[in-house]
Amino acid sequence: GGIAHWGQRACIEALLMEMQNPDTGIKMHTQRVMITNIPHALTGGDILQWIIQHLKIAEEEALNLGNLIVKYGYIYPLQEPKNLTLKTDSSLYRFQATIYLAKKNIKRKGVLEEYEKEHYNLLNKKINYKWDFVIMQAKEQYRTGKERKKADRYALDCQEKAYWLVHRTPPGMQDVLDYGLDRVTDPNENKYSEQFLSNDPIMSGCLPSNPWITDDSEFWELNAKLVEIPTRMRVERWAFNFNELMRDPKGRQNFQLFLKKEFSGENLGFWEACEDLKYGDQSKVKEKAEEIYKLFLAPGARRWINIDGTTMGITVRGLKHPHRYVLDAAQTHIYMLMKKDSYGRYLKSPIYKEMLAKAIVPQETVKKSSSFPFARRHLRSSPSPVILRQQEEEAKAKEAATNVDITQVMSKLDRRSQLKQEPPK
């Protein structure tokens, strides 16, 4: 689908170049719209007739192609910009003038990316006959943009940049229009997936074995919250991002050792106290909030933390009516401080490297019988009590059938023979 789509666009662009040929293309004129003269305009009827004559196709097919050209944005309507169809009357259209690179070249005074310079020079060659008009329009748009408010100018610049990133993808980036459904793929997501692949028990399996399959509890023991020596996979995960380190109690314990050496252990202590406040007993919220304030925030506090005046003001006002999330602003401030300031140094420190060096690498204890490591084994289940009861009843019936009194059987047969011999009355 993507290749066909790319081929379709390439054919349309080749056709567009022929349309704009000054000798054999569609004749463009200055047209009056309301009280404004629009240069290089053409009518929908002229576009349709040119396609029919140039390609020698039926009117219906030509109209479909014209609609496609408008929908792709190569030609845009002047009077109804939201109606992206080709009207076969005197409705006015214009070719989408390629002025983005020209405007960017003016703004940056010739400093363009290498691939942009190539495109710029190529466009200059292809539409040289109206290059003066392109430069004039680029200068006019640049001048008008400078007169806008800074916020509007910034938003429009971003909007225009995003449009051309989609429609003229730089080298090395995925062309979202060509790849169809693959356009949702983000290269960062692929990197994230590769990074976490070894930690995914479904994709990579569990070491030493999957406890849900083997009933071996060693996996739980090796990955206990505060195990003395964690697994190597677990320690490596702390380096993925700061959130992974803070989520792991063993990771926080090791991080705390580093912070104490840097004389900033109170930061992590405060963060953990805030977590306890948020997820602890509701009846103790007020008591815990006061304790945290006295220990970490009050003037002269024993484990005083350094937060800015604005955050301190918000926190102190909130503590007049304490609730679970009253310390969120201060907690976020300290979290970001540790993330930006301490986390990078921790990963380079001897404390982390020593823990990584002595971490355990479990050996697989059970041979996998399937290529899908998380798949459960086919175990024989115990029979249902209902089935057992049915089997017992069937066994009793068979036993009763084998122990039949022969005299009773003979008497029944004699009775049947007598009934057959008696004439009907």
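How many helices and strands does the secondary structure of the protein chain come to? I found 21 helices and four strands. A reminder to myself before going on: this is a predicted model.

Entry one, the whole chain. I looked up burial and found that 32% of the 425 residues are buried. Next I took the accessible surface, which comes to about 29,100 Å². Carbon and sulfur atoms hold 55% of that surface. Then I turned to contacts with a separation of 6 or more: 58% of them join residues 24 or more positions apart.

Entry two, Asn210. I located Asn210 in the loop that runs between helix H9 (201-204) and helix H10 (211-214). Is Asn210 buried or exposed? Its relative accessibility is 7%, so I noted Asn210 as buried, the cut-off being under 20%. I also checked what its side chain meets. A polar atom of the Asn210 side chain lies 3.0 Å from the backbone nitrogen of Trp212.

I stepped back to helix H9, where Ile202 is found. Ile202 has 39% relative accessibility, so I put it down as partly exposed; that class sits between the 20% and 50% cut-offs.

Which residues make a nonpolar surface patch of about 280 Å²? I listed Leu197, Ile202 and Met203.

Key. Residues numbered from 1 in each chain as written. Predicted model: local features only at pLDDT ≥ 70, side-chain atom pairs only at ≥ 80, totals over all residues. Heavy atoms only, no water. Buried < 20%, exposed > 50% of the residue type's maximum accessible area, 1.4 Å probe, protein only. Polar contact = N/O pair within 3.5 Å; in protein donor to acceptor, adjacent residues only side chain to side chain. Patch = residues over 30% accessible without salt bridge, like charges linked within 9 Å, V, L, I, M, F, W, Y side chains within 5 Å. Areas by Shrake-Rupley, 256 points an atom, 1.4 Å probe, with all protein chains shown as cover. Salt bridge = Lys/Arg side-chain N within 4 Å of Asp/Glu carboxyl O. Contact = heavy atoms within 4.5 Å.
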